Structure formats: C-alpha cells, structure tokens
Amino acid sequence: MRRLFIQFYLLLIICFSVGALLVGLVYREVADTTGTRLLTDLLRTTLALIESELRTVPQPQWPQALAALDHDLGFQLRLTRLETLQIDAEAMHALRSGEIIMQEDETTYLQRLDRTPYVLIAGPMPYLVFLQQLRWVDIALLGLIGVLLALPVFLWMRPHWRELQQLERSARALADGQFDVRVALPPQSGLQPLAQGFNHMADSVQLLLDSKQTLLNAVAHELRTPLARLRYRLVLRDGSNAAATDAGVERDLGDIGALIDELLLHAQLARPDLALQQQTFAAQPWLAAHLHEAPALQQHASWGELEVGAPQLSADPALLGRALDNLLNNAARYARQHIRLSFAVADGWQYLRVADDGPGIPPEQRVRVLEPFVQLEGGAARSKGQLGLGLAIVSQIMQAHGGRVSIEDSPWQGAQVSLCWPLQSVTHDNNCQQTPVSPGS
C-alpha cells in the first residue's frame, strides 16, 4: 500500500502545486503591478511634500525635521550623501536623474533631493515588510494543505487497498490450486466489477478442470469395455470360431473408433473460434434423407414420421446433420414404435424436434443430460443406459448456431428434444420459445 499511496499522493500534490502556482503567478502579476504603481505614486507624492517641507528648513535642521515627519508618516526617514551610497552605476544614474529607486531589500526607497548632494532614504516600509512576511505564511499554508491532503487520500485508499489485498490473496490461492476460492466485496465497492470478473474467471477455470476430469474418467470408462472385449475375443480365438471372433473384433474396434470420433468432435465444438459453414437449402429432402438413413432406424423404418412446416432450412448442414443423427439414434434406441421428426419456422426462429414414445427423461435430469458423460439416475426413465456424448454434442452445435436445446414430454409421454436457432438473416436478440409449435399438432 505504501508505494501506491506515495504515487497517488505525489501525483495529487504535483497537480495541486501546479494549480496553486499558476493562480499565484496570475495574482502576483496583477497585485504586484497594481501595488507597485500605487505605491510609487504615493511615495512620489510623499517625497515631493517632504522636499517642499525641507526647503523652508535650513540644512542643519533637516534631521530634526525628518524625525518629526517619521512620527506622522509611520516609516523612517533619513538623509545621506549621494557619494556614500553603495549602488551600481545604473541605479546611480537613475538616482541622479531624479527617479525613485528601490534597494535590494525591496522595503526601502531612495530619492535625491532636488539639486542637492543629499539622498532621502524612506523605509523600511511596514506594508512591504508585511508582504515579505506574508510570503512565508503562504508557503507554510501551502505546506500545511499538502500535509492535510494526505489524510483524505489515506482514508479513500485504505478500503480499496484492503479489497485489492483480498483480490491478491484470492489470485494467489487460485494459482496454488484452490479453485473454489472466490472474492466477496461489498456491493458499493468500486472494485466490484473486478471482483465479478475474477469470480467469473474462477468459475470458468473450475468448470474447465471439472470437465477435463470428467472427460478423462469417462474416456477411461468407455474405452475399458471394448478393450476388455477385444482381449477376451483374442484369448478365445481359434480356428473354429476365427470368423466370428474377427467380426467381433471389428465391431469393438469400430466402437473405439466411434468413441474417438465423438471425443474429437466434442473437443472441436468446444473451441471458441469454431467457424460455421452456414447454408440455406431445401428442408423436406434433407430431413427425409436423415430420417430414413439413420442407422438405428434401419430395422424400424415404419416408426419414423416427418412433418415439415417450412420449405427451407438455414444452418451448417454438416453440424446440424450430426446433431439430428444423434437425436434420431437416441430416439430409436428408446422408442417403442413411434418417432416423429418435425420442422417449423416462426418469428425468425427455426424449430427442429424429435419426439419418441419411450420411457422419457425425468424433469429434474433434463438439464444434466446435456452435459458430457452424464448417466441418468433412477433407471426407470432411461433404463437402457447412458446417453454419452450425444446430447452434449447436440447442445454444443446449437450454441455454435446461436440457439439452444430443450427437453420436454412428447405427445406419447416419451422424450421430445427441441432445437431452436435463428435464421441466417435474423439480427435481433429475441429468445426462442420454450416449446416450439409443431406444424402438425
């Protein structure tokens, strides 16, 4: 705090000193010019009166006459001979010319008595002595003001310094691995935006590390099963069942490859610089192709229903196709005999949803299933297993499109996953509806 206080205090003192100096220079220039002119006129008149008074008095009595005038004028008057003065040639020339000159002490004036070898010395002037003393008072007052400014600076900086120390301690704790540390400042604090930014950064770091740990755990768990099957098949492989074993090995390798592809896609979608290849294309044939070619629906082609309420669709076809395939495969995995794919456009937003007649997803778990590698609790709803990365990738694809994912009950009390994202030309910030209207419902 000492360094910060000194820097701020010195800056304040310098600004104050410069301002006071400028004001003082202007005041001094005006006051000195006016005061000097008035004082010179007054002295000239006074000395002229003194000269006229001395003309009526013999020279031997001039000291007594000046002593009497001292009492009346309020300042000392004395005479000296011109040749005894210790002044420079320029001042001597001005004095011989009849001008009034000021001595170096700036409180005493000299004037030669007309056509005499004597010089009248007037002063020290009480007013000029007071002005000189007042300069030191001004300097002392400026110094006192400078010292007093330290108090409000200190009082203002002390709470901010404590808050900065708290931020510093929190930053060090975060750097030491305490990722749950947060900064709590009063709402009226001037550093509240900085604290909020720090807390947001800490939340992001903790979320990133948690996601990384979850990813590592899930990868280890997901890869363990196909690898165990591979070892088992290779151990049992012999000539009689070589073909079946090779087919099983091929399937296991395919599962591992598919999982790696999912992980790579998940990592790619998490990048902030992801670029979309936005296109506008016919909705009916594109949706029909994905519905009929979904691998999980090949054995249940009669389950699929398609409802299209808009002629065109605007999105990245590759990413949106991946999201749609994930939704259709999930629906086919849990559906009994009904799957409906619908598309509509309303108020500048596009709505795509997949509904099935399966066991559905409990409301309290509909947000969690959008996270990667989340297993549903209470197997009654989705007793057939975990969703893996499928819905997490769908959520990331919607975020890349500026949209969102929501899960509701389907008309058959199963699960309905709804995607909504803006048209390519939409620039407003309206939110899509919680439950988009289906063209056939």
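The legends below describe close-up views of a predicted model.

Residues are numbered from 1 along each chain as its sequence is written, and side-chain values use heavy atoms, with hydrogens and water left out. Because the model is predicted, local features need pLDDT of at least 70 and side-chain atom pairs count only at pLDDT 80 or more, whereas totals for chains, interfaces and linings use all residues.

**Figure 1. Strand β11 and its burial.** Strand β11 spans residues 415-422; strands (E, at least two residues) and helices (H or I, at least four residues) are DSSP runs numbered from the N terminus. Eight of the eight residues of β11 are buried, so the strand is largely enclosed by the rest of the structure. Buried denotes under 20% relative accessible area, exposed over 50%, and partly exposed the range in between, with a 1.4 Å probe and protein chains only. In a regular strand the side chains alternate between the two faces of the sheet. Ala415, Val417, Leu419 and Trp421 point one way from β11, while Gln416, Ser418, Cys420 and Pro422 point the other way, and all are buried.

**Figure 2. Strand partners of β11.** Strands β9 and β11 run antiparallel and are joined by seven bridges; two strands pair if DSSP finds at least two bridges between them. Within this pairing, tryptophan 421 of β11 is the bridge partner of glutamine 350. Strand β10 also runs antiparallel to β11, with six bridges joining them. Here glutamine 416 in β11 is the bridge partner of glutamate 408. The hairpin of β10 and β11 has five residues between the strands, and glutamine 413 takes a positive phi near 70 degrees there.

**Figure 3. Serine 410 in the loop between β10 and β11.** Serine 410 is found in this loop and is buried, with a relative accessible area of 4%. A polar atom of the serine 410 side chain lies 2.6 Å from the backbone oxygen of aspartate 356. Leaving aside neighbours within four places in sequence, serine 410 is in contact (heavy atoms within 4.5 Å) with Ala355, Asp356, Ala415 and Gln416.

**Figure 4. The nonpolar cores.** A nonpolar core is a set of buried Ala, Val, Leu, Ile, Met, Phe, Trp, Tyr and Cys residues joined through side-chain atoms within 4.5 Å. The largest such core has 45 residues, and those with the most contacts inside it are Leu287, Leu313, Leu320, Ile339, Leu352, Leu419 and Trp421. Helix α8 gives the most to this core, with eight residues. Residues up to four places away in sequence aside, leucine 352 touches Leu287, Leu320, Leu324, Leu341, Ser342, Phe343, Val417, Ser418, Leu419 and Trp421. A second, separate core of 14 residues includes Leu54, Ala65, Phe75 and Leu113.

**Figure 5. Aspartate 316, a buried residue without a salt bridge.** Aspartate 316 is found in the loop between β7 (312-315) and α8 (317-334). Aspartate 316 is buried yet has no salt bridge, and the nearest side chain of opposite charge, arginine 322, is 11 Å away. Lys and Arg count as positive and Asp and Glu as negative, while His and the chain ends are not counted. A polar atom of the aspartate 316 side chain lies 2.8 Å from the backbone nitrogen of glutamine 277. Neighbours within four places in sequence aside, the contacts of aspartate 316 are Ala275, Leu276, Gln277, Gln278, Gly321 and His401.

**Figure 6. Salt bridges.** Side chains of opposite charge can pair when their charged atoms come close. With a salt bridge taken as a side-chain nitrogen of Lys or Arg within 4 Å of a carboxyl oxygen of Asp or Glu, a search of the whole structure finds five. One of them joins arginine 366 and aspartate 409 (2.4 Å, N to O). This pair links distant parts of the chain, with arginine 366 in the loop between β9 (349-356) and α9 (390-400) and aspartate 409 in strand β10 (residues 404-409), 43 residues apart. Arginine 366 counts as buried at 15% relative accessibility, whereas aspartate 409 counts as partly exposed at 42%. Another salt bridge joins aspartate 203 and arginine 182, with the closest N and O atoms 2.6 Å apart. Aspartate 203 lies in helix α5 (residues 192-236) and arginine 182 in the loop between α4 and α5, 21 residues apart. The side chains of glutamate 83 and arginine 81 also meet in a salt bridge (2.6 Å, N to O); glutamate 83 is exposed, with a relative accessible area of 51%, and arginine 81 counts as partly exposed at 35%.

Notes: Polar contact = N/O pair within 3.5 Å; in protein donor to acceptor, adjacent residues only side chain to side chain.
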